[in-house]
Amino acid sequence: MDLFAVTLYSHDPHSGRLLLHAMPVMVVVLCCLAIAYRYYSAFLAAKVAVLDDSRVTPAHRLNDGQNYHPTNKWVLFGHHFAAISGAGPLIGPVLAIQYGFAPGLVWLVIGVCLAGAVQDMLVLAASVRRDGKSIAEIARHELGYPAAIIASVAILFIVVIALAGLGIVVVKALGGEEVKLPAGMTIESPEPPAQREGVYHFPAKCRVRYSPEAQLTLRSETFRIRCPEAPAVLSEPALPVTYRLPTGCTQVVPGSSWGTFTIACTIPIALLVGLWMYRIRPGRVVEASLIGGFLTLAAVVAGNWVPGSPLERFFSLTRDQTIVTLGVYGFIAAVLPVWLLLGPRDYLSSFLKIGTVGLLIVSVCVANPALQAPPINEVFINGGPTFLGVPGLSAPVFPFVFICVMCGAVSGFHSLVSSGTTPKMVEKESHIRTIGYGSMLIEGVVGVTALVAAAALPPELYYAINVPIDRTSEYQKQLDEVYDKYGVKVPPEGKDPAHATNVDSPQHLDLGRVEEKVGGESLRGRTGGAVTLAVGMSVVFEQAFNWFGVTGEWLLKYWYHFAIMFEALFILTTIDAGTRIARFLLQESVGRVYAPMAKQNWLPGALLASATVTGGWCWLVWTGSIDTIWPMFGIANQLLAVLALALVTTWMVNNGRGKYAAVTILPMLFVTSTTLTASFQLVTGRFAQLIETGRAKVTAGASEVGQKMILTGFLNTALTLFVVTCVVTLLFWSAARWLTVWLGWGKPSSAPTKPNGVV
């Protein structure tokens, strides 16, 4: 019985906290998802969508050997999962740990079973019944031509915002930054820092006071500060030396040359795989898979030699350089033939994604780490460093936890895939259940594993990574309270080298120690969730492999950079596919005015549309930050889910299955309430505050910074209001149609009885 209890929970002897373990949480979640698939998806298939294998799908009826082509169920499952899987299930749950792990965990399980998987499956069914048409075309069939125009424009804007949200995660993971430091900040250094070209390299164990009223903070890691002039020395030339920084100093956070090198290598690898499968040795899929997998893993290992080598300067990119590089990649991927880059990348990524998620699930069950984060974080329940509070409003756990945790629970972006390439490749209608509902459940598992990996980190380590360096003093009082209530106390023997093994356990790792173990990467203030998840995954992997006798100081750094590559590939497959989808939408919209633009194979149109879309989301990434773009991304994504659920409800009502409309209307109403509430609070709170702060900076003389903040505030406000207006208009339009049928003022369209009919 004691052994069983240890697998469920443990007590921290120094703080007295009861710590829940990860393995039982994972087992319960997997059981819930299995029950939902076995029973609820069967109900949706039999009663709501009425899937029938005797119907001829568009893949057979319209088979052209290019877009329409019958595809093996499991091959299409992998393609669909690779296309829908983006940053949301990885990053959202990590950022939501600020509220504690319970709100995000509950929403992931309930949301994916009753909302996200329902949307994906029924949109896929509706599209298959409408010849594989897009959401906009479904709107035209069910509501009329004007609705299709509104839907097309809204979807185009939402996709651009979504791509910006995905892009900024990659930038935060790979790109270097220079973070502004407060004037008058003092540093107590154990030894004089080295200086090179105006950059001061401070050693580990410095004590920093970010403002005169702030407490001293121990910086366990080394760090670099760029100063316009020499810092003032406040102490006598004896150790430790105290320095006061002048105005205009910034902390230099270098880009990850190892991570960038690995991601860059995957592009020629994908091109080689594509050429191998289609040109060099056509049809030799297994050969191409083995070559691609081996080269990808080799790139992770080879990346270890890049830092400190002559190649480092080519791969250690700044934030702006990473944005430009990412934009160039998105543009090229949107223009190149799909078989050359997108197809092979999706194919390789599906193996990597599913394989890594499976490995992480097994590792969580084997390592069974304690969840260091509290179930409910009372200190940051009203907002904190990852999701800011809105002045004058309380408890933003509603609605912001439902905006932060999106793709793993419900994602409007998925409706574009479910009404895009996938419905044109469905071999039998019964496959819709596995592909639509099943793949979304797998994405829910991805979200849960990401949440567990982040929750297993000690709060001190989590917030050291996720609090912006220039805002540390602002949150220091709350952080001290978090550490006092929820932190795992280092035992007295922690200072004794003889107990290094005990102190080196994951619950006692400090930031400096982790930075050493991951290969010297700078981790403090690396907000955005990607770095936090990579650290959490690597710690879980290391713990699990220690059970099998695989140990060593070298292990964590390879796991960390493997996790960075996994995250970036996870996101890049959605960026390139999303850019291509947005290009098609733009060409389709402009094509109504200028006919040649509607031809997707017309090169000038493809180049112009791709450049416009790429320029749009790159500009949003350049002008924004993670705390402005991610909430706006969440709102846009969830509004698209509202639109998709409304349209699929209209499809059901128009075809005489309105009595089952509750399965889509109830999740639609919940997502609508959370999203519109968050939209109001962001527009009147965060974005208005951004404009006000920008104006104050302009008045104070910081014109360039202030103007950028004003532009970002107005731009985010305008985009949010525009998308909300479009979606709400279509929502009322759909509701009017439902009432027309339910009140008997109109009749549902009659469903054809022929097996090959289209409903």
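Me: Among contacts between residues at least 6 apart in sequence, what percentage join residues at least 24 apart?
Reply: This is a predicted model. The count takes contacts in the chain between residues at least 6 apart in sequence. Of these, the share joining residues at least 24 apart is 79%.

Me: How many helices and strands does the chain have, and what percentage of its residues count as buried?
Reply: The chain has 26 helices and 12 strands. It runs to 759 residues. The share that counts as buried is 59%.

Me: How much of the accessible surface belongs to carbon and sulfur atoms?
Reply: The accessible surface of the chain comes to about 29400 Å². Carbon and sulfur atoms take a share of 65%.

Me: Where does Gly255 lie, and is Gly255 buried or exposed?
Reply: Gly255 sits in the loop between strand 12 (250-253) and helix 9 (257-280). Its relative accessibility is 9%. The cut-off for buried is under 20%. Gly255 therefore counts as buried.

Me: How far apart in space are Gly255 and Thr318, C-alpha to C-alpha?
Reply: In sequence, 63 residues separate Gly255 and Thr318. Beyond four places in sequence, Gly255 touches Leu174, Gly175, Gly176, Ser316 and Leu317. From C-alpha to C-alpha, Gly255 and Thr318 are apart by 6.1 Å.

Me: At what angle do helix 8 and helix 26 pack, and which handedness does the crossing have?
Reply: Helix 8 covers residues 145-174, and helix 26 covers residues 703-742. Their axes are 10 Å apart, at an angle of about 145°. The crossing is left-handed.

Me: Which residues of helix 26 make the contact with helix 8?
Reply: Helix 8 contributes Pro146, Ala147, Ile150, Ala151, Val153, Ala154, Phe157, Ile158 and Ile161. From helix 26 come Leu719, Phe722, Val723, Cys726, Thr729, Leu730 and Trp733.

Me: Is Thr649 buried or exposed, and which residues is Thr649 in contact with?
Reply: Thr649 is found in helix 24 (residues 626-654). Its relative accessible area is 0%, so Thr649 is buried. Leaving aside neighbours within four places in sequence, its contacts are Ala661, Thr664, Ile665 and Trp738.

Me: What is the relative accessible area of Val550, and which residues make the nonpolar surface patch?
Reply: Val550 lies in the loop between helix 21 (530-547) and helix 22 (555-591). Val550 is partly exposed, with a relative accessible area of 30%. The nonpolar patch is about 500 Å² and is made by Trp547, Phe548, Val550 and Trp554.

How values were computed. Residues are numbered from 1 along each chain as its sequence is written. This is a predicted model: local features need pLDDT of at least 70, side-chain atom pairs count only at pLDDT 80 or more; totals for chains, interfaces and linings use all residues. Side-chain values use heavy atoms; hydrogens and water are left out. Helices (H or I, at least four residues) and strands (E, at least two) are DSSP runs, numbered from the N terminus. Buried means under 20% relative accessible area, exposed over 50%, partly exposed in between (1.4 Å probe, protein chains only). Contact means heavy atoms within 4.5 Å. Accessible areas come from the Shrake-Rupley method with a 1.4 Å probe; for residues, only the protein chains shown count as cover. Patches are made of residues with over 30% relative accessible area and no salt bridge: like charges are joined within 9 Å, nonpolar side chains (Val, Leu, Ile, Met, Phe, Trp, Tyr) within 5 Å. A salt bridge is a side-chain nitrogen of Lys or Arg within 4 Å of a carboxyl oxygen of Asp or Glu. Axes are lines fitted to C-alpha atoms, for helices over the stretch in contact, and angles run from 0 to 180 degrees between N-to-C directions. A crossing is left-handed if the near helix is turned anticlockwise from the far one by less than a right angle, and right-handed if clockwise.
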